[in-house]
Amino acid sequence: MGKPGRTMLAKIWDQHVIARLSEDTDILHIDRHLLHDLGGPRGLLDIKSRGLKVHSPELTFATPDHAISTAHGRAGTSKIGQELLATLRVETSASGIQLFDIDQPGQGIVHVIGPELGLSLPGCTIVCGDSHTCTHGGLGALAFGIGSSELTHVLATQALIQRRPKTMRVRFEGKLPPGVTAKDLILALIGHIGAAGGTGHAVEYAGSAIRDMPIEGRLTICNLSIELGAKMGMVAPDEKTFEFLRGRPYAPQGETWEQATNAWRQLPSDPDAIFDREVVIDVEKLIPQVTWGISPEHVIGVDGHIPDPRSVDDPARRTAIETALDYMGLKGGAPIAGTPVDWVFIGSCTNSRLSDLRAAAEIARGRKVASGVRAWVVPGSENVKREAVAEGLDKIFTEAGFEWREPGCSMCLAANGETVGPGQRSVSTSNRNFVGRQGPRARTHLASPASAAAAAIAGSIADVRTVGR
Amino acid sequence: MPKPFDKLTAVAAPIMRSNIDTDVIIRIERLVGNSVRGTLGKWAFGSLRYLPDGSENPAFILNREPYRQAEILVTGPNFGCGSSREGAVWSLQEMGIRAIIGSGFGDIFFANCFQNGILPIVVDKEIVDSLAADVEATQGAGRISVDLEAQTILSPSGKHYTFEIDPRRREGLLQGLDEVALTLQRDDEIRAFQAVDRAARPWIHFARESA
């Protein structure tokens, strides 16, 4: 017997070790550092106040997304949002960092533009001061979110001290049933193993459903890794990955492309690699998912019933369900479908790519948003917006009564004044149904783009499989 | 640079709900801006601490004596899950919290604590529950003691527990080390790595714009 096989995590990790600090902790090289308007300015000012320079500005890229308005003409960006943008412009320019500014191709949600521009590549380490950086793992990268202190550390050193996580493999097996999307798969997994099920782990997603899945779906899957508690999620790069990246502005070209793809083919976990934990999900048994509570683990099939605390014996779980139902204004035991909604939000780093907008548009086409519902579509990037307009998706949405907006994070995290009102209910394609996430006392139900569009049309949480029947 | 952490004997407040996320610890709009540090203490746990009219919620533990004086939190599973916002740690720090004892934390929140001289301690859920019960039995009057050097916790009723911690992180907290300065001392190694890596993976290393 030879040495046991290596996981993709181990292969990428080992390739980035600058120095070993202990048995499980290393100084890692960071290949790509993405800055946004919320955390970037603070980090750049921090560096300056310490009398330091950005170590590798050519590996650092910035774009405004969090604090800018997504209204036309960016009307309504707050004074502080404007100040942040101004600081981002001044400090990136002074440091020699490429900024993708508003209205320019390349601007957008950091986790949409990284893959779209070919900045995010298989086998590279990517960090950003945002927990959804795990998204980029969909291309086979080792990508994770960091806090402000680590952000400053990366700006100053292009390196980061990290403890090697445990490994988990999740295999999604089978063919996706009608109406079931990448978002439904990952929500179902979170429901299955819980919001802390992946804590301390790097998760590798595998199985036939992942192999068959287009890259944008894999990005959605990896995006929600952090809602499992895992700060890193990844999918082995394959021919689909290479086709996705070929010709993108920052992807390698010519001979370097050949060299890179040869290297990338070595990255997938060896067949005999051992993971600390394995989970298998039979996707053929799944139906479209929707959350009912205040954690992404509070999720059920859209044909299901809201949990009834009276039928739960464990007092801690019962209290947790009661707290969630009280916040959400829902009754235990009632069917989730048919719950009236005030808002629908289609956007965010989870579900704002072209394929997401196409899926939503397919439901919206020729139909009308129910009266009393406000429905927004916020494309993930300037490029997504332009491609969607070229296909006429914006027309489909606006004719159906959706608002078509400018790219940014928008209502996902309410950092820019774009909020769901107190007590109002939204079906959102974003990633967090936390208390107050979309605004103080806002009630969020997470779902796929198609399910969100179906809710907009029905005026209530709806089973996308029955729309139009 | 973080303040060193050594020993602490303090009022502890149990906040035992599962999955308290960083949005609940500090709302995002409190963090929008470059100079928010120092303003965050009163906004920690805003949605739990204040009623919709802005007045204090008397039912929330940190609005009651002696828990207002708490320097230790005893927390339910998965405390600090969610967003990477370091403002969650800053807000706790600004309200006087120096140590958090729980059965598990969000990975990014956990790392952010160490960066700010706050000690997050992971122990079995049974120990967390027992500490919370001990504190509640004394209506919060009983103090919890934490000794980082010895890696021990002393409960209000006199029970001793030990805890595990990454030795490197323990050392960092005990000494209040500045990681940026330490890593910068090894810049020659970083640059050597980049030079070798540039040859191996040229697609990673772009040319630098002349600034």
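Student: How many Å separate the centres of domain 1 and domain 2 of chain A?
Tutor: In this predicted model, 24 Å, taken over C-alpha atoms.

Student: Where are the bounds of those two?
Tutor: Domain 1 of chain A runs 8-277 and domain 2 of chain A runs 289-466, according to the domain assignment.

Student: And how many residues does each put into the contact?
Tutor: Domain 1 of chain A puts in 44 residues. Domain 2 of chain A puts in 35 residues.

Student: Which elements supply at least two residues on the domain 1 side?
Tutor: In chain A, they are α4 (110-117), α6 (182-193) and α8 (215-223).

Student: Which gives the most?
Tutor: α6(A), with six residues.

Student: Switching to the chains. How many residues of B and A are in contact?
Tutor: 48 residues of chain B meet 60 residues of chain A.

Student: Which of them has the largest share?
Tutor: α4(B) does, giving five residues to the side that touches chain A.

Student: How does chain B's side divide by class?
Tutor: Where chain B touches chain A, there are 18 nonpolar, 16 charged and 14 polar residues.

How values were computed. Residues are numbered from 1 along each chain as its sequence is written. Chains are lettered from A and ligands numbered from 1 in the order in which they are written. This is a predicted model: local features need pLDDT of at least 70, side-chain atom pairs count only at pLDDT 80 or more; totals for chains, interfaces and linings use all residues. Two residues are in contact if their C-beta atoms, placed from the backbone, lie within 7 Å. Helices (H or I, at least four residues) and strands (E, at least two) are DSSP runs, numbered from the N terminus. Ala, Val, Leu, Ile, Met, Phe, Trp, Tyr, Cys and Pro count as nonpolar, Asp, Glu, Lys and Arg as charged, and the others, Gly among them, as polar. Domain bounds come from an automatic or database domain assignment.
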